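Please consult the sequence and the structure shown here.

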Amino acid sequence: MEDCIFCKIAKGEIPSEKVFENENLLAFNDINPKAKVHVLIITKKHIESVKHLEEIDAKLIGELFLAAQKIAKEKNMEGYKLVVNVGREGGQVVDHLHLHLLSGDFWFNKHQL
Ligand code: AMP
């Protein structure tokens, strides 16, 4: 989508600290980290949120979680949190589906999720 910040990052029009990329997905460091490691994994396809997922996206969503697993393994994470915010009431600010991968020194441990 034209005005979507994550679409622009996916196309390389806005710079990001890339962590992983394949045909369907891109992962990059969150600009405002809430943990020691805070990576965002996005679909290159513009999907607004979990609310907008369709049956045809099932495989892609599986790939999203497997990418998180791969990145976590590469970064030697013992444990981690995977978070998806849905809608404004759910804390979603950017309307392009993304998975937060967080590990170490959690902001969440001080502020209940
Ligand atoms: P959410 O609240 O789930 O929509 O999360 C959006 C996340 O995107 C926030 O954690 C922001 O810090 C992050 N963010 C926004 N703009 C950028 C950017 N240009 N590069 C990296 N992360 C970003």
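The points below cover the basis of the model, the strands and the ligand.

The model is predicted, with local features requiring pLDDT of at least 70 and side-chain atom pairs counting only at pLDDT 80 or more, while totals for chains, interfaces and linings use all residues. Residues are numbered from 1 along each chain as its sequence is written, and side-chain values use heavy atoms, with hydrogens and water left out.

**Strands**
- Strands are DSSP runs of E with at least two residues, and helices are runs of H or I with at least four, numbered from the N terminus.
- Six of the seven residues of strand β3 (residues 37–43) are buried, that is, under 20% relative accessible area with a 1.4 Å probe, protein chains only.
- Strand β2 (residues 25–29) runs antiparallel to β3, joined by five bridges; pairing requires at least two DSSP bridges.
- L25 has T43 in β3 as its bridge partner.
- Six bridges link β3 with strand β5 (residues 98–103), also in the antiparallel sense, and V37 stands opposite S103 in β5.

**Ligand**
- The ligand is surrounded by 17 residues, each with a heavy atom within 4 Å; the closest are D30, G91, V93, H98 and H100.
- Polar contacts are pairs of N or O atoms within 3.5 Å.
- A polar side-chain atom of N85 lies 2.9 Å from a ligand oxygen atom, and one of K34 lies 3.3 Å from a ligand oxygen atom.
- α1 (5–10), β2 and β5 each give two or more residues to the shell, and α1 gives the most, with three.

Methods. Buried means under 20% relative accessible area, exposed over 50%, partly exposed in between (1.4 Å probe, protein chains only). A polar contact is a pair of N or O atoms within 3.5 Å; within protein, one must be able to donate a hydrogen and the other to accept it, and residues adjacent in sequence count only if both atoms are side-chain atoms.
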